[in-house]
Amino acid sequence: MNKLKERWGVESNWQIAIIFVVFAVTGSTASYIGKPILSFLNITSEGLGSFGYWTIRILLLFVVYQFLLVFFGWLFGQHKFFWNFEKKMLKRLGIIKTKN
């Protein structure tokens with residue numbers, strides 16, 4: 001646990017527990033609301049084929065997950081950690097540029 005606290009810059013085991021809960025809740029929620037969003041947009045596997053449907057669903061889940069992660073982080077009082085986590089991940093993916 002100490003390595004995780006040091007790596008993430010958190011001070012207590014309680015914060016780590018909250019962070020794990022936020023990751024779990026965010027993943028479950030993103031997965032749960034993905035299908036209704038696709039239904040609302042009238043995107044089905046019959047219309048696009050299995051590959052197209054799952055490609056769009058995974059991309060949608062990725063985007064929804066990013067927003068929910070920051071939202072649930074804020075809700076659980078860990079906004080700073082998750083905001084920094086998001087920025088770091090988006091930099092690694094090349095979505096936002098780093099200043100050198």
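The legends below accompany close-up views of a predicted model.

Residues are numbered from 1 along each chain as its sequence is written, and side-chain values use heavy atoms, with hydrogens and water left out. Because the model is predicted, local features need pLDDT of at least 70 and side-chain atom pairs count only at pLDDT 80 or more, whereas totals for chains, interfaces and linings use all residues.

**View 1. Helices H3 and H4 pack in a roughly antiparallel arrangement.** The helices, like any strands, are DSSP runs numbered from the N terminus (helices H or I, at least four residues; strands E, at least two). The axes of H3 and H4, which come within 7 Å, cross at roughly 160°; axes here are lines fitted to C-alpha atoms, for helices over the stretch in contact, and angles run from 0 to 180 degrees between N-to-C directions. The pair is therefore roughly antiparallel, on a scale where angles under 35 degrees count as roughly parallel, over 145 as roughly antiparallel, 65 to 115 as roughly perpendicular and the rest as oblique. The crossing of H3 and H4 is right-handed, a crossing being right-handed if the near helix is turned clockwise from the far one by less than a right angle, and left-handed if anticlockwise. From H3, Gln66, Leu69, Val70, Gly73 and Trp74 meet His79, Phe82, Trp83, Phe85, Glu86 and Met89 of H4, contact meaning heavy atoms within 4.5 Å. These contact residues divide into seven nonpolar, three polar and one charged, where Ala, Val, Leu, Ile, Met, Phe, Trp, Tyr, Cys and Pro count as nonpolar, Asp, Glu, Lys and Arg as charged, and the others, Gly among them, as polar.

**View 2. Gln78 occupies the loop between H3 and H4.** This loop joins helix H3 (45–75) to helix H4 (79–92). With a relative accessibility of 10%, Gln78 counts as buried (buried means under 20% relative accessible area, exposed over 50%, partly exposed in between, with a 1.4 Å probe and protein chains only). Leaving aside residues up to four places away in sequence, Gln78 touches Gln15, Ile18, Ile19 and Gly73.

View 3. Helix H2 (residues 13–40) packs against H4 at an angle of about 60°, the two axes lying 11 Å apart, and the crossing is right-handed. Ile19, Val22 and Phe23 of H2 make the contact with Phe81, Phe82 and Phe85 of H4, so that by class there are six nonpolar, no polar and no charged residues.

**View 4. Phe81 and Phe85 form a stacked aromatic pair.** Their rings lie 6.1 Å centre to centre, with 25° between the planes; rings of Phe, Tyr and Trp (its six-membered ring) pair if their centres lie within 6.5 Å, and planes under 30 degrees apart count as stacked, over 60 as edge-to-face and the rest as tilted. Being four residues apart in helix H4, Phe81 and Phe85 are separated by about one helical turn. Phe81 counts as buried at 12% relative accessibility, whereas Phe85, at 27%, counts as partly exposed.

**View 5. Asn42 has a positive phi in the loop between H2 and H3.** Although Asn42 is not a glycine, its phi is about 60°, and the residue is exposed, with a relative accessible area of 62%.
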